[in-house]
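Take a walk through this fold with the coordinates open beside you.

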Amino acid sequence: VRKPPAEANLMETERMETLDRLKPAMIQLLPLGLAWTDVQPFLSCLSSIPLLTEAMTTPTTFLRSEHYARDPFAVTWARAELKQALVSRPLPLGMEPKDLDSALDILQSVDEVDKASNDPQALSKLWVITQSRTTWEAQLPKGIELTHAEKALAKADSVEDICKALDNPSFLMKLLATNLPPDVLQQALKPVLPDGIDKSSHGIKSHLAKCSLQDITTMLLSLVRKPPAE
């Protein structure tokens, strides 16, 4: 129901007053790398004064709530908080503070950011991944985007595993087979499935459930765009 003009104007006035009143305190809460202009688009989408007030006074809690944790800005905020925590710690060899953004951009959900914050090797793994992008791209199977591959590699158990994948195509495919989202893996493998297999999502899922990890690794190797140098 559209509100009468007078009521709408009153609400907008109250919104602007709330923004002006709480802005100074919220600016003090902004994590490293975020500015007021980064926050404004998200705040403009909040539909009530109570929501706006909660978002501006307790932003970290608000952005981790069930309703808002999937919002892209919640991920931006979580990455900025993690960056702020990391800059005061020793960085991996060769890494500088300016490199943090490209490494943390691999993390695409609040849950991934939280897991990384609790993984002592997370930053080292992300750093190795970002420094090796040219190598990854040359070795990726057709149908697997670099962003998906990087997220899968970030789930590796250790930095050593990621380094091993650089020099061992079969091991790289094994990491991808283990850590790629099921829908991405199923779509990529569709062209190399045997004739007679139901190529619907359900059919592909059912077929792959019967395959061993080695079977899936072999199928991924057959899709590599450019054969890696031995």
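Buried here means under 20% relative accessible area, exposed means over 50%, and partly exposed covers the range in between. Keep in mind that the model is predicted.

Start with Lys125. Its relative accessibility is 4%, so Lys125 counts as buried. The side chain of Lys125 meets that of Asp119 in a salt bridge, at 2.9 Å from N to O. Asp119 has a relative accessible area of 26%, so Asp119 is partly exposed. Side chains of opposite charge can pair when their charged atoms come close.

Move on to Arg133. Arg133 forms a salt bridge with Glu150, and their closest N and O atoms are 2.5 Å apart. This pair links distant parts of the chain: Arg133 sits in helix α9 (residues 133-139) and Glu150 in helix α10 (residues 146-153), 17 residues apart. Glu150 is buried because its relative accessibility is 5%. Arg133 reaches 26%, so Arg133 counts as partly exposed.

Arg15 is buried, with a relative accessible area of 12%. Glu12, at 39%, counts as partly exposed.

Salt bridges also join into a network, which links Arg64, Glu81 and Asp114. How many salt bridges are there by this rule? The count comes to 11.

Leu43 lies in helix α2 (residues 36-44). With a relative accessible area of 1%, Leu43 is buried. Leu43, Leu176 and Ile216 are the residues with the most contacts inside the largest nonpolar core, which has 70 residues. Helix α5 (residues 72-86) gives the most to this core, with eight residues. For a sense of distance, look at Leu43 and Leu185. They are 142 residues apart along the chain, and their C-alpha atoms are separated by 36 Å.

Now turn to Thr130. Thr130 is placed in helix α8 (residues 122-131). Is Thr130 buried or exposed? Thr130 counts as buried because its relative accessibility is 10%. Beyond residues up to four places away in sequence, Thr130 touches Ser102, Ala103 and Ile106.

Finish with the rings. A pair of aromatic rings is described by the distance of the centres and the angle of the planes. The count of aromatic pairs comes to five. One of them joins Phe42 and Phe62 edge-to-face, at 6.3 Å centre to centre and 70° between the planes. This pair links distant parts of the chain, with Phe42 in helix α2 and Phe62 in helix α4 (residues 59-63), 20 residues apart. Phe42 and Phe62 are both buried. Ring pairs link Phe42 and Phe62 with Tyr68, Phe73 and Trp77 into a cluster.

Which residue lies over the face of Phe171? Lys164 does, at 4.3 Å from the ring centre.

Terms used. Residues numbered from 1 in each chain as written. Predicted model: local features only at pLDDT ≥ 70, side-chain atom pairs only at ≥ 80, totals over all residues. Heavy atoms only, no water. Helix = DSSP H or I, 4+ residues; strand = E, 2+ residues; numbered from the N terminus. Buried < 20%, exposed > 50% of the residue type's maximum accessible area, 1.4 Å probe, protein only. Contact = heavy atoms within 4.5 Å. Core = buried A, V, L, I, M, F, W, Y, C linked by side-chain atoms within 4.5 Å. Salt bridge = Lys/Arg side-chain N within 4 Å of Asp/Glu carboxyl O. Phe/Tyr/Trp six-rings, centres within 6.5 Å; stacked < 30°, edge-to-face > 60°. Lys NZ or Arg CZ within 6 Å of the ring centre and 35° of its normal.
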